[in-house]
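Me: I would like to go through salt bridges, and then a helix, in a model. Please give the general idea before each case.

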Amino acid sequence: MREVRISLVGFGIVGHGVLEVVRRKWGLLRKMGLDMKVVSVTDINGTLFDETGIDPQRLHAARTLEGIANLDIIGKEAIQKVDSDLVVEVTPTNIVHGQPGLGHIEEALSSGKHVVTSNKGPLVVAYNHLQEMAQDNGVMLKYEATVGGTMPLISLVEKNLVGNEILGIRGIFNGTCNYILTRMMEEKYTYSYALTEAQDLGIAEADPAYDVDGIDTAGKVVILANSIFGMTAKYEDVSVTGIREITPEALNLAWERGYHIKLIGEVPALTVKPMLVPRRSPLAVGGTLNVASIETDLSGTITVTGLGAGSIETASAIVSDIVSIYTSRQIDG
Amino acid sequence: MRLSMDLELQDIPGQLMQSLEPFKKYKGNIISVVHHRDRKTPRGTVPVQIVFEIDPSNIENIKKHLEDNGIVVVRAGEDRFIEETSVLLIGHVLHSDLGDTINRIDSTGFAEVEDLSLRMPGIEEPSSAYLRIRATGKEEIGKSLSILRHVGAEKDLLVIEPIEAEKI
């Protein structure tokens, strides 16, 4: 049985999801030979540490660690001081400077700990630098959850399509935009009405700019460009148009002519813009779904779709990454 | 009526001028002439594509005139636009001179706006236009989209292109 001591940094929606998935899948993980223990949880209030593994039930109802933390350390200090094998970094994302996640990941990698993250910011800002750090320290950095949530994309390309040349990837990488456009088309809602509905349902943030202006999608385009296409793209290299100008009339007109309008991100073109998607295209998925078509030289075009966000869904991608780190290591050994 | 004709000329001086003669005689209005002297057919003839506007009743006269002068008429009268694409424009489509927008495509000679639908929800509201563009080839479709992108930037219109128009 391989013991995996995990430090969870960030205790929001995704952090809760990770605790829940590790709890639910504990038996299955043991069958795989992994004894996964979350030994610490850190947020801005402090760190809860238990070397025997934190009982997720204990944190189930807690929104923050206020009054629960038993160590007065946060951030990089917590990563450095807690004895663990792997850091799950799930703090809020910032696509401009990548902090605080960037500092957390750097600290973890330089301390010889594997990192699994759903945090786009650090990867958008410093993907190549972080991968070099991981390599220099003999550890792995996995980030499947940063692009398309639960939809397997990075691992699909790296494992299942290995040997193929990837010619391009295009897809819908933001469930919020897809939801808004779907509702506008189906119900003839205006953009602002569909947005308020999405906000009421918790699908869109109070400040929706990050999603509807295409910033989030552009971040994912940068991650794909650097990780799969070996580019050195920065956020500024992406040409970005959001969905604010789309009208229900335009959606209706497109529909009559056999098209949807979707916010499409493309690599290596580095574009994010609303595009006409034929109604019968595999990219024409509705609601909050994400989808990606991968064009390859040998396997043709492969399309995957799945939920792009959500607590348990994102956590599932994180736990898959953790498992893959240890299962691929077993093969190496 | 707009028509097109594919001809094959002998590779000798004066043939191109001679092939245009009947268009003048039968009052055809030539829109474009594409002459591929460096792309000969296996027979050694030179392919020429002519697009023109004419009263369709005169097309047979033109064909006869050409053939009497030893020019091979490979194809005549059929639509030469073999590729098509769809584009949606959002913004002040009409008040930014829709006629001019369409003309930017039509005036190329290799592409045309063949179909147009408009939605105008209110005077101050942005309107939407669906355009179907046909062109002589894939490359020309690409050029047409590029023209529209340019027009969109100039007239502050959101240009929504189809995903199949360009490779990933």
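Me: Which residue forms a salt bridge with D68(B)?

Reply: Side chains of opposite charge can pair when their charged atoms come close. A salt bridge here is a side-chain nitrogen of Lys or Arg within 4 Å of a carboxyl oxygen of Asp or Glu. D68(B) pairs in this way with K64(B), the closest N and O atoms being 3.1 Å apart. This is a predicted model, in which local features need pLDDT of at least 70, side-chain atom pairs count only at pLDDT 80 or more, and totals for chains, interfaces and linings use all residues. Residues are numbered from 1 along each chain as its sequence is written, chains are lettered from A and ligands numbered from 1 in the order in which they are written, and side-chain values use heavy atoms, with hydrogens and water left out.

Me: Where do D68(B) and K64(B) lie?

Reply: Both are in helix α2 (residues 59-68) of chain B, 4 residues apart, or about one helical turn. Helices (H or I, at least four residues) and strands (E, at least two) are DSSP runs, numbered from the N terminus.

Me: Is K64(B) buried or exposed?

Reply: Buried means under 20% relative accessible area, exposed over 50%, partly exposed in between (1.4 Å probe, protein chains only). K64(B) is exposed at 51%, and D68(B) is exposed at 55%.

Me: Which residue forms a salt bridge with E256(A)?

Reply: R119(B) does, with the closest N and O atoms 2.7 Å apart. E256(A) belongs to helix α12 of chain A and R119(B) to strand β6 of chain B, so the pair joins two chains.

Me: How many residues of helix α5 of chain A are buried?

Reply: 8 of its 10 residues are buried.
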